[in-house]
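Let's go through this one as a chat, asking what each label really rests on.

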Amino acid sequence: MTDTAIAHGPPVATRRRGDGWTATALLTPATIFIAISLFAPLAILFRYSLNEFVPTKKLMVEALTIANYVKFFTDPYYTSILLTTVKIAVLVTLICLVLGFPLAYVVARTQSRWKHLLIILIVLPLFVGNSVRAAGWMVVFGSKGFVNATLMGIGLIDKPLEIMFTENAVIIGIIAVNLPFMVLSLQSVIEGIDRAVEEAAFSLGAPPATMFRRVLWPLALPGILAGTILTFILAMNAYATPFLLGGPLFKMMAPLIYNQFTQQTNWPFGGAIAFILMSVTLLLTVAANLILQRRARA
């Protein structure tokens, strides 16, 4: 009996307890680092948002007030910027999903030697900073840029189109930044879906649209959720693209926060705007995920 117990090693409960302690030991350093580097600055910023801004005395006066939050939600100028940010983020996320799903499906189902090249081409734009890419779009969208020069050269227009410093330019620029994240999130999940499931649906007489709606979409939902979450968060917090392509008159939340901290030196109000942006992003992300999951179960 003793020899059998020794041969089989320690009991299962003991091994599981040891594995639990090992996992805890491995996670502890990363958890401490995140808590110090992320949550501590956020706590300080939240404390700043409750202070008062008195330009004639100091930049910031110690207080406990929600006046900065009330100021934001009672001023149509700031609420309109929030609504514009949400609208652009939702639109960018939907367009990235529509454009990214077919591309991700093609890459996931490709069996040729060129598959790795396709993945590299998708990842390659991520090696360039957002500011550099936005500067490139400025060259394309300028009054004498590639688009206007081409259209005028072939005689489709007589005068340059106003593309720069518009909402459309910002949307296109953010889509170019976020699309690789959507494609990579979808491609990794679609690769794990057995092709035989799709073939079985076709063999049972399902048309492509039905197969997509009843088979591919539900199975790819984890990648859809991951891609939409990542794309939406990045779009809500975009700074360089709206600042460079939108110009000084076009406002989104991230450039507004930067302006409050640097130009206006109003740290309490800037902290309040930052927490409003973070809260709205989190609430909308959770709400959208719950809706998608409920529809998927139905």
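Q: What counts as a helix here?
A: A helix is a DSSP run of at least four residues, numbered from the N terminus. Keep in mind that this is a predicted model. The chain has 14 helices and 2 strands, and Gln187 is found in helix H8, which covers residues 167-190.

Q: What makes Gln187 buried or exposed?
A: Buried means under 20% relative accessible area. Gln187 has 8%, so it is buried.

Q: Which residues is Gln187 in contact with, leaving aside its neighbours within four places in sequence?
A: They are Ala104, Val107, Ala108, Lys115 and Ile119. Contact means heavy atoms within 4.5 Å.

Q: Why is Ala40 called partly exposed?
A: The label lies in between buried, under 20%, and exposed, over 50%. Ala40, in helix H2 (residues 12-49), has a relative accessible area of 34%, so partly exposed it is.

Q: How many Å separate the C-alpha atoms of Ala40 and Leu118?
A: They are separated by 41 Å, with the two residues 78 apart along the chain.

Q: Now for the rings: how many aromatic pairs does a search of the whole structure find?
A: It finds 13. One of them is Trp137 with Phe141.

Q: Why is the pair of Trp137 and Phe141 called stacked?
A: Rings pair if their centres lie within 6.5 Å, and planes under 30 degrees apart count as stacked. For Trp137 and Phe141 the centres are 5.1 Å apart and the planes are at 25 degrees, so the pair is stacked.

Q: Where do Trp137 and Phe141 sit in helix H6?
A: They are 4 residues apart in H6 (residues 130-141), which puts about one helical turn between them. An α-helix has 3.6 residues a turn, so residues three or four places apart point the same way.

Q: Are Trp137 and Phe141 buried or partly exposed?
A: One of each! Trp137 has a relative accessible area of 25%, so it is partly exposed, while Phe141 has 6% and is buried.

Q: What makes the pair of Phe261 and Trp267 edge-to-face?
A: The planes have to be over 60 degrees apart for that label. Phe261 and Trp267 have 70 degrees between the planes, and their centres are 5.5 Å apart, so the pair is edge-to-face. Phe261 is partly exposed at 21% relative accessibility, and Trp267 is partly exposed at 37%.

Q: Which residues do ring pairs link into a cluster?
A: The cluster holds Phe72, Phe73, Tyr77, Tyr78 and Phe269.

Q: How do you know that the charged end of Lys71 sits over the ring of Phe269?
A: NZ of a Lys has to be within 6 Å of the ring centre and within 35 degrees of the ring normal. The charged end of Lys71 is 4.3 Å from the centre of the Phe269 ring, and it does count as sitting over that ring.

Q: What makes Asp194 a cap for helix H9?
A: A side-chain oxygen of Asp194 lies 3.0 Å from the backbone nitrogen of Ala196, at the N-terminal end of H9 (residues 195-203). The limit for a polar contact is 3.5 Å. Just after H9, Gly205 takes a positive phi of about 95 degrees.

Conventions: Residues are numbered from 1 along each chain as its sequence is written. This is a predicted model: local features need pLDDT of at least 70, side-chain atom pairs count only at pLDDT 80 or more; totals for chains, interfaces and linings use all residues. Side-chain values use heavy atoms; hydrogens and water are left out. Rings of Phe, Tyr and Trp (its six-membered ring) pair if their centres lie within 6.5 Å; planes under 30 degrees apart count as stacked, over 60 as edge-to-face and the rest as tilted. Buried means under 20% relative accessible area, exposed over 50%, partly exposed in between (1.4 Å probe, protein chains only). A polar contact is a pair of N or O atoms within 3.5 Å; within protein, one must be able to donate a hydrogen and the other to accept it, and residues adjacent in sequence count only if both atoms are side-chain atoms.
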